[in-house]
Amino acid sequence: MRRTLLILSIILLSWTPFVHAKMYDPFRKTAKTVSSANGLIPPPPMITEAPVPTVVSAIMNNKAYINGAWYKIGDRVNNKEITYIQNNFVGFKDENRLTMISVTPTRHVLGTKELP
């Protein structure tokens, strides 16, 4: 009985798929990357951050709650100066452009116009 178990175990251990299995080598060198004509690898593309939208959430006592902070007339938010604050909207001046953003639940832009 022991002899047959020994013979079966030897046969199973010497089975060809186990003998010829390919091992993964984590230290094997990978193929060289494609380089430019002068031998240098080109830099990765620049990642530009998306502009932060201006969200007016509330207005109280001539101050506006914009993007999680309170601002008053003359302060700057996202490189835009707050020119006036009304009951339902806030006016922003960006160089020669005036933008009005509402405080309604939709919080949409009421209008934009070019200044002289």
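1. Ile 59 stands opposite Ala 64 in E2. E1 and E2 run antiparallel and are joined by four bridges; two strands count as paired if DSSP finds at least two bridges between them. Strands here are DSSP runs (E, at least two residues), and helices are H or I runs of at least four, numbered from the N terminus.

2. A word on the basis: this is a predicted model, where local features need pLDDT of at least 70 and side-chain atom pairs count only at pLDDT 80 or more, while totals for chains, interfaces and linings use all residues. Residues are numbered from 1 along each chain as its sequence is written, and side-chain values use heavy atoms, without hydrogens and water.

3. The open antiparallel sheet here has the order E1-E2-E3. Strand E1 (56–60) and strand E3 (69–72) are its edges; each has a single partner strand, so one side of each lacks a neighbour in the sheet.

4. Another open antiparallel sheet holds five strands, ordered E4-E5-E6-E7-E8. Six bridges link E6 to strand E7 (residues 97–102), and Asp 94 has Arg 97 in E7 as its bridge partner.

5. Do look at the largest nonpolar core, with 10 residues, including Val 56, Ala 64 and Phe 92. Such a core joins buried (under 20% relative accessible area, 1.4 Å probe, protein chains only) Ala, Val, Leu, Ile, Met, Phe, Trp, Tyr and Cys residues through side-chain atoms within 4.5 Å. Strands E2 (63–66), E5 (80–85) and E6 (89–94) each supply at least two of its residues.

Notes: Buried < 20%, exposed > 50% of the residue type's maximum accessible area, 1.4 Å probe, protein only.
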